[in-house]
Amino acid sequence: MDSALDNYILEHAGNTPEVLKWLEGETVKRAGHHSKMLAGPVLGRFLAEFSKLVAPKKILEIGTFTGYSAICLAQGLTNDGSLDALERDDRHISLIKEAFERAGLSSKINLHFGDAKELITKMKGVYDIVFIDANKREYCTYYNLVFDLVKPGGYILADNVLWYGKVAEETPSNDAQTQEILKFNRMVKDDRRVSGFILPLRDGLYIIKKL
Ligand SMILES: C[S@@+](CC[C@H](N)C(=O)[O-])C[C@H]1O[C@@H](n2cnc3c(N)ncnc32)[C@H](O)[C@@H]1O
């Protein structure tokens, strides 16, 4: 999507909270070129509005980075709701904590550092929304590990499932990430326990509803 359309969409979305503008700037300063991993305002506004529609009591995020999408998703939580954020890399811990504090979400977001594949098995509870946004080579594993933790009628959202358009190339690249995303998309399509749709938003967001 070109930036003129992005700007137009953003002009018609709810205001981006100041804390997210601050967090994006700090992430660029501290994480350099890695900052492109952050969801950003267009996907971020969508995640916030989607979460408000669902009004989840519990959200699980797999891949938190500096906390941008966690803050967006948390905007829809019920008053007594909470979000479990799983992240392998603790190098941005002070930034994440400051962002959650500034967003007034410190008491609602539980940060768990470690490998999501292990952490998921320790999570208790039934989630209304799971957001998958960690290692692209592990999407099938996350999906299978998390599936039973999702409430019937709940959602799994998976980011980057169009993988820069590589999934639709005539001869898709053989690299591990492209192959795993292709496998993941096929697996979801063939899974009779869910229905889903790939929203061509930014790099593709699979919205998967557990039946
Ligand atoms: C694309 S970034 C997440 C961006 C974040 N959701 C946002 O919108 O700001 C992916 C993150 O997943 C983390 N990650 C990768 N593999 C992981 C794993 N096995 N367990 C936990 N986190 C992982 C990376 O350290 C990175 O911070």
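The following exercises, each with a worked solution, concern the predicted model shown above.

Local features are taken where pLDDT is at least 70 and side-chain atom pairs where it is 80 or more, whereas totals for chains, interfaces and linings use all residues. Residues are numbered from 1 along each chain as its sequence is written.

**Exercise 1. Compare the radius of gyration of the protein with the value for a compact globule.**

Solution. The rule for a globule is 2.2 Å times the number of residues to the power 0.38, and the radius of gyration is taken over C-alpha atoms. With 211 residues, the rule gives a value near 17 Å, and the protein has 16 Å, which agrees. The C-alpha trace spans about 45 × 40 × 35 Å along its principal axes. A residue counts as buried if 20 or more other C-beta atoms lie within 10 Å of its own, as exposed if 12 or fewer do, and as partly exposed in between, with C-beta atoms placed from the backbone; on this scale 36% of the 211 residues are buried.

**Exercise 2. Describe the order and pairing of the strands in the sheet.**

Solution. Helices (H or I, at least four residues) and strands (E, at least two) are DSSP runs numbered from the N terminus, and the protein has 8 helices and 7 strands. Two strands pair if DSSP finds at least two bridges between them. The 7 strands form an open sheet with mixed pairing, in the order 3-2-1-4-5-7-6. Its edges are strand 3 (109-113) and strand 6 (194-199), each of which pairs on one side only. As an example of a pair, strand 2 (residues 82-87) runs parallel to strand 3 over 5 bridges, and Asp 84 stands opposite Asn 110 in strand 3.

**Exercise 3. Check the span of helix 3 and state which of its residues are buried.**

Solution. The expected span is 1.5 Å times one less than the number of residues. For the 15 residues of helix 3 (residues 40-54) this should be 21 Å, and the end C-alpha atoms are 21 Å apart, which agrees. The buried residues of this helix are Leu 43, Gly 44, Arg 45, Phe 46, Leu 47, Ala 48, Phe 50 and Ser 51. Their cover includes helix 1 (3-11), helix 2 (18-31), helix 4 (68-74), strand 4 (127-132) and strand 7 (205-210).

**Exercise 4. Which residues have the most contacts inside the largest nonpolar core?**

Solution. A nonpolar core is a set of buried Ala, Val, Leu, Ile, Met, Phe, Trp, Tyr and Cys residues joined through C-beta atoms within 7 Å. The largest such core has 53 residues, and those with the most contacts inside it are Leu 73, Ile 132, Ile 156, Leu 157 and Ala 158. Helix 4 gives the most to this core, with 6 residues. Leaving aside residues up to four places away in sequence, Ile 156 touches Val 130, Ile 132, Tyr 143, Val 146, Val 150, Ile 208 and Lys 210, where contact requires C-beta atoms, placed from the backbone, within 7 Å.

**Exercise 5. Where do Ala 55 and Tyr 164 lie, and are they buried, exposed or partly exposed?**

Solution. Most residues other than glycine have a negative phi. Ala 55, however, has a positive phi of about 50° although it is not a glycine, and it lies in the loop between helix 3 and strand 1 (58-62). Because Ala 55 has 11 C-beta neighbours inside 10 Å, it counts as exposed. Tyr 164 likewise has a positive phi, near 55°, and is placed in the loop between strand 5 (150-159) and helix 8 (176-190). With 13 C-beta neighbours inside 10 Å, Tyr 164 counts as partly exposed.

Terms used. Contact = placed C-beta atoms within 7 Å.
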